[in-house]
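Please read the points below with the model open beside them. They are meant as a colleague's note.

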Amino acid sequence: AYSNVRVFESADPMPHLISLNLDELKRSYETRIAASTLTEARLSGRQILRDGSLTIVDGEFSDVSLFVAGELRLMGSPKFVAKGDTPVLVVEKDLTANLSGADIRGIIYVGGKATIRGQGIITGAIFADEIDISGGVTVQSFDQDETTKRPSPSFFRREIRWNPVEGGEGR
């Protein structure tokens with residue numbers, strides 16, 4: 001149970017959300033990786049695209065935005081820090097995380113289900129069709145982190161604009 005969390009369903013009126021055209025966002029990612037597993041990787045200052053599923057075990061990702069055109073598995077204690085308004089993680093399908101001391105700071109978009117278990121801190125927002133968080137995972141808003149002052153919503157469901165229609169609202 002989280003005492004300082006707002007969960008928004010698909011109800012009126014919805015809070016103002018960032019509208020993303022993910023096809024356009026995907027085209028903007030300049031670095032592509034072929035590896036299906038990254039173990040103890042150290043990356044900084046990049047927008048990384050993985051065409052297909054990806055497993056990340058530990059590692060440090062500073063000022064990195066990762067777009068996974070498939071499923072993403074996070075294991076161990078990965079550390080992600082985003083700068084600016086670019087999401088730290090964009091996952092087209094499901095996100096499964098079994099964490100042991102992870103520190104993720106930024107916005108997470110998941111096209112399917114986000115299942116997050118274990119130990120870790122997520123500072124930011126999670127947008128997903130379904131969210132399942134258990135264990136010792138703490139999700140806090142940006143304004144609870146003294147080093148980053150930003151808006152404070154923590155969870156959003158069913159509000160990802162995956163295939164917006166030209167001139168329309170998408171779904």
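The numbered points go from the overall fold to single residues.

1. Basis of the note. This is a predicted model, in which local features need pLDDT of at least 70 and side-chain atom pairs count only at pLDDT 80 or more, while totals for chains, interfaces and linings use all residues. Residues are numbered from 1 along each chain as its sequence is written, and side-chain values use heavy atoms, with hydrogens and water left out.

2. Secondary structure. The protein holds one helix and twelve strands, where helices (H or I, at least four residues) and strands (E, at least two) are DSSP runs numbered from the N terminus. Followed along the sequence, the elements come in the order β-α-β-β-β-β-β-β-β-β-β-β-β.

3. Of the 171 residues in the protein, 44% are buried; here buried means under 20% relative accessible area, exposed over 50% and partly exposed in between, with a 1.4 Å probe and protein chains only. Among the contacts (heavy atoms within 4.5 Å) with a separation of 6 or more, 30% are between residues 24 or more positions apart. The protein exposes about 8,700 Å², of which carbon and sulfur atoms supply 45%; these areas come from the Shrake-Rupley method with a 1.4 Å probe, and for residues only the protein chains shown count as cover.

4. Backbone angles to check. Most residues other than glycine have a negative phi.

5. Aromatic pairs. The structure holds three aromatic pairs, a pair being rings of Phe, Tyr and Trp (its six-membered ring) with centres within 6.5 Å, and planes under 30 degrees apart counting as stacked, over 60 as edge-to-face and the rest as tilted. One of them joins Phe-61 and Phe-80, whose ring centres are 4.5 Å apart and whose planes lie at 10°, so the pair is stacked. This pair links distant parts of the chain, since Phe-61 belongs to strand β6 and Phe-80 to strand β8 (residues 79–81), 19 residues apart. Phe-61 is buried at 2% relative accessibility, and Phe-80 is buried with a relative accessible area of 0%.

6. A further stacked pair. Tyr-109 and Phe-127 have ring centres 4.6 Å apart and planes at 15°, so this pair too is stacked. Tyr-109 counts as buried at 3% relative accessibility, and Phe-127 is buried as well, with a relative accessible area of 6%.

7. Where does Ser-53 lie? Its place is in the loop between β4 (42–51) and β5, and at 38% relative accessibility Ser-53 counts as partly exposed. Leaving aside residues up to four places away in sequence, Ser-53 touches Ser-36, Val-68, Gly-70 and Glu-71. The side chain of Ser-53 reaches the backbone nitrogen of Glu-71 at 3.0 Å. Ser-53 and Thr-37, which are 16 residues apart in sequence, have their C-alpha atoms 8.8 Å apart in space.

Key. Polar contact = N/O pair within 3.5 Å; in protein donor to acceptor, adjacent residues only side chain to side chain.
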